[in-house]
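Visitor: I've got a fold to look over with you. Could you put it up and walk me through the sheet?

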Amino acid sequence: MANLPSILLIGCGHMGHAMLKGWLKKGLETSVIVHRHTLELPSPHQHVQSTAEIPKAFKPKAIILAMKPAQAAEIIPSLAPWTKEAVILSVLGGRDLTWLKNQFGDQQPVVRVMPNTPSELGLGMTSVVAGPTVTDQQKQLADDLLHAVGEVAWLDSEKEMDVATAIAGCGPAYIFLLAELLQKVGEEKGLSTELARLLARQTVVGSAALLGNSSQESEALRKAVATPGGITERAVNVLIDSKAWPDSLSKAIQAAADRSKEMAS
Ligand SMILES: NC(=O)C1=CN([C@@H]2O[C@H](COP(=O)(O)OP(=O)(O)OC[C@H]3O[C@@H](n4cnc5c(N)ncnc54)[C@H](OP(=O)(O)O)[C@@H]3O)[C@@H](O)[C@H]2O)C=CC1
Ligand SMILES: O=C(O)[C@@H]1CCC=N1
C-alpha cells in the first residue's frame, strides 16, 4: 500500500470527506482532521473539532484547505503554527494563487487544486497549478496525494483553471443531472418510478464504466449505439443540434467558468 504523507485536513464536508476516504483506502500516514461534527476515524488518524485543538507538535507535510471559499479567510490565520514546513493544497473553488498569497504571505508554498467527488472511489479528476515558491519535492508530494485519488492534470497556466473547474470540478453534477432527467422523463412517459430510476441509473453507471474501460473515443462509443437509420439516431439528432446540447453545454460551462473567475478574490 502506498505511504502517503501526513496531512492536516481543514474542513471535511462533501469534498474533503471524499478525498479523505480515498486517501484512507490508499494508506495515509498520521493525519489530523479538523471537522466541527462527529467523525469516525481509524487509528492513528486524529479528529479535532477546531484548529485550536490541533496538537502543536504535529508536523504535517501538507495542509488541505477544504472549507467553503467564504469560510477560509477567517480560519487561515489560526493555521500559522503548522504552515512553516508544509505545502498548502487549496481546494477552494475560484480562490486564485494571488488571493492565497495575500492570505499566507509571499513565501508560503501553495498549490491550487480542483478535484471532484469521484475521488472517494479513486476515480477523481484533479486539475492543479503550483505557486512560485513550491519546490519540486512538494510538487511530487502533491502529485502523489492527488494521484492516490484519481487522475491529475498539471495546468500550463492558472488561466486554464476556471474552465477546468467548470468541466471537471463541477462535472459530476452534470452527469447526476442527466441521470435525474432520464428518470424524470421515463416517469413522465408512463414508467413507474422504480423502473425509471433503475433504467436511468444503471445506464449512466454502465456507460461511464464502458468509457473508462475502453480505448475508444467517446464519439466512437456513441456511434456504436446509434445504428444508422435506427432508433438512437433519432434522439441523437435532436440532442446534437447546435441549438440543443452543444449550445446549452457551452453556455453552462461558460457560466460556471465566469463564476469561478468572479470568486478569485
Ligand atoms: N463539492 C464539490 O464537489 C467540490 C468542492 N470543491 C471545493 O471544496 C470546498 C468545500 O466544498 P464542499 O465540501 O462542497 O462544502 P461543505 O460545506 O460540504 O464542506 C465544507 C466543510 O468545511 C467545514 N468548515 C468550515 N469552517 C470550518 C472550521 N472553522 N473548522 C472546521 N471545519 C470548518 C464545514 O463545516 P460546517 O458544516 O460546520 O460549516 C464543512 O464541513 C469548497 O471550497 C469548494 O469550492 C472543489 C471541488 C469540488
Ligand atoms: O460548486 C462549487 O462552487 C464547487 C467548486 C467545483 C464544484 N463545486
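Visitor: In what order do the eight strands sit in the open sheet?

Guide: Strands here are DSSP runs of E, at least two residues, and helices are runs of H or I, at least four, numbered from the N terminus. Two strands pair if DSSP finds at least two bridges between them. The pairing is mixed, and the open sheet runs 3-2-1-4-5-6-7-8.

Visitor: Before we go on, what are the ground rules?

Guide: This is a predicted model, where local features need pLDDT of at least 70, side-chain atom pairs count only at pLDDT 80 or more, and totals for chains, interfaces and linings use all residues. Residues are numbered from 1 along each chain as its sequence is written, with chains lettered from A and ligands numbered from 1 in the order in which they are written.

Visitor: Are the residues of strand 5 buried or exposed?

Guide: Count C-beta atoms, placed from the backbone, within 10 Å of a residue's own: 20 or more others is buried, 12 or fewer exposed, in between partly exposed. Val87 and Leu89 lie on one side of strand 5 (residues 87-90), Ile88 and Ser90 on the other, and all are buried.

Visitor: Which residue in strand 6 is the bridge partner of serine 90?

Guide: Strand 5 runs parallel to strand 6 (residues 110-114), with three bridges joining them. On its strand 4 side, serine 90 stands opposite leucine 65. In strand 6, its bridge partner is arginine 112.
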